[in-house]
Amino acid sequence: MTSTFTALLCLGALCRTPASDSLTEILSKPIIWAKPNFMIPKGRPVKILCQGIPEATEYQLYFEGRLSAWQSPRQPGIRNIVSFPISAMTLLTAGQYRCIYRSGELWSNPSDPLDLVVTEMYDTPTLSVHPRPEVSSGDNVTFYCRLETATNMFFLLKEGRSSRPQPRYGNTQVGFPVGPVSTAHRGTYRCFGSYNNHAWSFPSEPVKLLVTGEEALKFPPHSWDPHLLTTNTEVQQDPALWNHTAQNLLRMGLAFLVLVVLGYLLTEGWLCRKRIQQ
């Protein structure tokens, strides 16, 4: 009877494993982003924000794999967010961040990485687009970013869009081929030079790309389609976070079912013994 009861409880994910003495439940990962942006000029302030489930009671921030700070939310609830401020961005604060949170005795999985970049560290590059800044839909263009001082990496970004910068390796100049272009590629572009992923130069002067032609619903095949970031969205909703309550309700239902089954088995055993005695 005892083994049957234990097995039923384990089916409801409510038991501990004797070997590891750890709960089988794992909390969903939090969301991490930077405000106002993941690119911060040298000396400017920035906030790193971490959002967990409504029941989160403690957060920890990790910088380059090491514990950097921790705190508890001031007002736990549906918008359970904590802020880790950085008063002045420098080379020492630029790098990769992750955060985790605790609910009861459980700790969440770590968040996706947040790469915080410090800018205005080197000379200013120049950006140009060839064959010309005004093209027709379906044409191919190339952005050229040049820096007088030698570097080893360049980044191209489109302004007004939360996009992952496109990197290229080079010494003093690199080309960023884009195309076939559609009207979705219209916009203002800037480039940066860098010696690593987290320390960039001053931004180049902006270059506008004008694309004429039929409106496109999506990027054409083989064009540059930047991956969306989660680092500068004000408040984001991750369905996995809010499924935590539903999972708890499901486990409570399973536990209730276990009790009903156990009561039934006990009753049947008692009636069986009574019949035998009679």
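Residues are classed here as buried when their relative accessible area is under 20%, as exposed when it is over 50%, and as partly exposed in between, with a 1.4 Å probe and protein chains only. The structure is a predicted model, in which local features need pLDDT of at least 70 and side-chain atom pairs count only at pLDDT 80 or more, while totals for chains, interfaces and linings use all residues. Residues are numbered from 1 along each chain as its sequence is written, and side-chain values use heavy atoms, with hydrogens and water left out. Helices (H or I, at least four residues) and strands (E, at least two) are DSSP runs numbered from the N terminus.

With a disulfide defined as a pair of cysteine sulfur atoms within 2.5 Å, the count comes to 2 disulfides. One of them is formed by Cys50 and Cys99, whose sulfur atoms lie 2.0 Å apart. This pair links distant parts of the chain, with Cys50 in strand β3 (residues 46-51) and Cys99 in strand β7, 49 residues apart. The link of Cys50 and Cys99 is right-handed, with 75 degrees about the S-S bond. Cys50 is buried, at a relative accessible area of 0%, and Cys99 is likewise buried, at 0%.

A disulfide also joins Cys145 to Cys191, with an S to S distance of 2.0 Å. Because Cys145 belongs to strand β12 (residues 141-146) and Cys191 to strand β16, the pair ties together parts that are 46 residues apart in sequence. The torsion about the S-S bond of Cys145 and Cys191 is about 75 degrees, so this disulfide is right-handed. Cys145 has a relative accessible area of 0% and is buried; Cys191, at 0% relative accessibility, also counts as buried.

Side chains of opposite charge can pair when their charged atoms come close. Under the rule that a salt bridge is a side-chain nitrogen of Lys or Arg within 4 Å of a carboxyl oxygen of Asp or Glu, the model contains 4 salt bridges, including the pairs described below.

In the salt bridge between Lys29 and Asp112, the closest N and O atoms are 2.7 Å apart. Lys29 is placed in the loop between α1 (2-11) and β1 (31-35), and Asp112 in the loop between β8 (106-107) and β9 (114-119), so that the pair ties together parts that are 83 residues apart in sequence. Lys29 is partly exposed, with a relative accessible area of 33%, and Asp112 is partly exposed as well, with a value of 38%.

Glu58 forms a salt bridge with Arg102, in which the closest N and O atoms are 3.1 Å apart. Since Glu58 lies in strand β4 (residues 58-63) and Arg102 in strand β7 (residues 95-103), this pair ties together parts that are 44 residues apart in sequence. Glu58 is buried, with a relative accessible area of 17%, whereas Arg102 is partly exposed, with a relative accessible area of 24%.

The side chains of Glu159 and Arg190 also meet in a salt bridge, with an N to O distance of 2.1 Å. Glu159 is located in the loop between β13 (153-158) and β14 (166-168) and Arg190 in strand β16 (residues 187-196), so the pair ties together parts that are 31 residues apart in sequence. Glu159 is partly exposed, at a relative accessible area of 36%, and Arg190 is partly exposed, at 23%.

Most residues other than glycine have a negative phi, and most peptide bonds are trans. In the model, a cis peptide bond joins Lys35 and Pro36, with omega at about 15 degrees, and Pro36 is found in the loop between β1 and β2 (39-41). Gly179 and Pro180 are also joined by a cis peptide bond, with omega at about 0 degrees; Pro180 is found in the loop between β15 (173-178) and β16.

Although Glu64 is not a glycine, it has a positive phi of about 55 degrees. Glu64 is placed in the loop between β4 and β5 (66-71) and is partly exposed, with a relative accessible area of 46%. Glu120, also not a glycine, has a positive phi of about 65 degrees. Glu120 is found in the loop between β9 and β10 (126-130) and counts as partly exposed at 27% relative accessibility.
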